[in-house]
Structure formats: C-alpha cells, structure tokens
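Have your viewer ready to follow along.

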Amino acid sequence: MAVEKITMPKLGESVTEGTISSWLVKPGDTVEKYDAIAEVLTDKVTAEIPSSFSGTIKEILAEEEETLEVGEVICTIETTESGSAPPETEEKAAEVATETTKQVTLAEAPASGRFSPAVLRIAGENNIDLNTVQGTGKGGRITRKDLLQVIENGPVAPKQEQTEQPKRETEKPQAPVRTAAGDKEIPINGVRKAIAKHMSVSKQEIPHAWMMVEVDATGLVRYRNSVKDSFKKEEGYSLTYFAFFIKAVAQALKEFPQLNSTWAGDKIIEHGNINISIAIAAEDLLYVPVIKNADEKSIKGIAREISELASKARSGKLSQADMEGGTFTVNSTGSFGSVQSMGIINHPQAAILQVESIVKRPVIVDDMIAVRDMVNLCLSIDHRILDGLLAGKFLQAIKSAVEKISKENTALY
C-alpha cells in the first residue's frame, strides 16, 4: 500500500488556480482511476477533477470554497499502485477534466449562482427539477449529496450557513463597507470572484494605453444588407457585421504580428497562430471563446464559428478547448449600443479591440456633407509591448480593409 497525492490540475493555458466548489468524495471512499472526486471553478470553466489513482481516499486537504494554485495538493489517496503518477496519467486526467467541463449561466442557478456538472448530470438522469431542491451547500448551493438524498429520501432540509474559512495569507483585508436601509447584499460566487481577479491582474500588471479611429462602414452595411437574407436562407445562420470585422482584424494581425504577442517577463512571445478571442454575453456572464486560425478562414467560416460559439455559450456547452489558445481579443461592444469604450486587456494578451455600434452620421465627403454609416474602433494596448505608432498603423490597416468592403471587392466564401 502507498499513499499518493492528488494535486490541482491545470485546466487551461492561462489558468493558474482553481476554487474547490464541492467534494464528491469523503475520507474512506473507494474510487477508480479517472473517477470524479471534486468540482472546481476557474475564471473560464467549471470542471470535475478526476482521480489519478485507484484506491481509498485518505485525507481531504482543501476545503470547499478554498482557492488553490495549480500543483497544490488537494487530497491524498491510499493505493496499491506504486510510485507517483506518470506524465501520461496526469495528461489523461487533464483530458478527462476537460471532457467533463460544462458551463452554466447564472440565470439557471439558485442563490449559489451556478450548478456543477455532476448536479446537472444527476438531475437529468433522474428527472429532478432543481428549482424544487433545497441546497445545503455554502450560499444555498445545490450539491451532489443533496440530489442523492432527494433520490433516496425526498427533499432535504437546509443546513445552517458554514463558518467562513480563514483568509489565505496572500489576501489583503478589505475595509468594511457601510450599508443603509434598502441596500441589497449579493453574495459573490466563485465565477465572479475568478473574473474579478483576472481583471484586477490585467489592470495591475499591464500598463494600458488607448486609442480610437473612426471608420466609414457604409460599403460594409450596403453589402451585408444586400446578401444577409439569402445567406441566412442558404447557410442557416446569420451573416453579422462582426464576422467582417474579425476577418479585417485577422488580416491586419498578419501585417502587424507584434499585436499578436504576449509579455513573458524577460521576453516577448510573438504567436505564430492568429487565434481571436471573442466576447459573448450569456445572461449575467461573459464568456470569451476562441476562433482558431482566424486568418485562414473565410467570412462565411468566421460567421459560422461565431454562431456556433454563441449557441454553445448560451446553452452552457462551451468546452475547455473552445476557450483556450486566444492570442488577441475582439469585443463587439456595439451590440449593446456603445459608441466608445476602453476595454481591459484579456491578460496575458497584448491588446483588445472594441468594435462599437454602427451609426448614421453627417460627415464631409469631397467637401460636401453626406450621411454615412460610421463606426468607432477602440484599441487598448499593453504599452510594454506596443507603442502608439504601431497601434496607429494597425488601426489604419483595419480601417482601410473595412472601408474597401463591397460586393465587388469582398468574397464571402
């Protein structure tokens, strides 16, 4: 018999830590290799952590709601297998975690703000309406144990709120916030905490600079409006303005690869692949899936991927593979009616582009006033990697490409 350690796995390229949302086992439980033992939240996904060994759980070392860095020990297991897990076993465990990943929107969740993959699976298999289940986890979270008790004995009674875990040494105490009559306290769930930390790291580590250009998108609007109905009928999904902008950005990144970079301390990594992260809102959450090798895809292909990724995000079916590998982010803030905004860079990327709303405005064309369809493109850059001159040239390349779009000049396929 040997006692082995199971650690927090790496669940994505830029993921450095995860929060244990619930344990699926307890000391004394027997598990097989690759059985799910815990559920973990990161800023990108919810996933189940599989066991690296077959054996008996000996000790749980991480509490629920505790955040641990990748590689930290979460539990120990007594096993008849000798030696530590070989690399291929660890890789297989990560694959299993990725395969079980499932994203869920806040609108579908109770007070906890999120259902875990195990809860969704058990509820589906047993036709349990989660709205009728009283969660006994922290903050009202519905746990796997709650559903097993419902299956066995009927609904469970709520338990008292768990005592808050001591703060980790790295956390700084927060100043107390006064509340007044009528104020509403909203618990911060694991996903929102992870997003908050990711954005804080970006603003703290990256010296942001910002610039904007105006683009005449009249030709784009006319062309897209002339083909959008037939395109939807033939292809089954919409031809959005966003697909044209993604194509223009991808081509500009080929011309200016410095924008497709990452700061790595003592060096800058200029990525060979152009993988564009796109922001997709799903109820109260914002997901950032990736269009891989966007420069190699047609406008039709990009439109199809936008449609598929948006559908996955809104139905909670984005996988880890859908979310990783991004090298540059484009955000369609114009879909919310915004005309000017400054995006926070998606750490550790070098830049983010905000595509604002296309609006009709009077402009001067050939010394005459004309009504044109105008759009603002707003670029935030990492000033450690990029300067204003290069960023300006990059924006001008996109502007030129967009203003040339027409039926005669632009191929959809």
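A salt bridge here means a side-chain nitrogen of Lys or Arg within 4 Å of a carboxyl oxygen of Asp or Glu. Before using that definition, note that this is a predicted model, in which local features need pLDDT of at least 70 and side-chain atom pairs count only at pLDDT 80 or more, while totals for chains, interfaces and linings use all residues. Residues are numbered from 1 along each chain as its sequence is written, and side-chain values use heavy atoms, with hydrogens and water left out.

How many salt bridges does the structure hold? There are nine. Side chains of opposite charge can pair when their charged atoms come close.

Start with Glu 235, which forms a salt bridge with Lys 300, their closest N and O atoms being 3.6 Å apart. Glu 235 lies in helix H5 (residues 218-235) and Lys 300 in helix H7 (residues 299-315), so this pair ties together parts that are 65 residues apart in sequence. Helices are DSSP runs of H or I with at least four residues, strands are runs of E with at least two, and both are numbered from the N terminus. Glu 235 is partly exposed at 24% relative accessible area, a class that falls between buried (under 20%) and exposed (over 50%), using a 1.4 Å probe and protein chains only. Lys 300 is also partly exposed, at 22%.

Next, look at Arg 361 and Glu 214, a salt bridge whose closest N and O atoms are 2.5 Å apart. This pair links distant parts of the chain, 147 residues apart: Arg 361 sits in strand S18 (residues 359-365) and Glu 214 in strand S9 (residues 208-216). Arg 361 counts as partly exposed at 24% relative accessibility, and Glu 214 does too at 41%.

A further salt bridge joins Asp 29 to Lys 26, with 3.2 Å between the closest N and O atoms. Asp 29 is partly exposed at 21%, as is Lys 26 at 47%.

Now turn to the sheet. Four strands form an open sheet in the order S1-S8-S6-S3, with antiparallel pairing. Strands S1 (2-7) and S3 (30-31) stand at the edges with a single partner strand each, so one side of each is left without a neighbour in the sheet. Two strands pair if DSSP finds at least two bridges between them. Strands S6 (residues 55-60) and S8 (residues 73-79) pair in the antiparallel sense over four bridges. Glu 59 stands opposite Thr 76 in S8.
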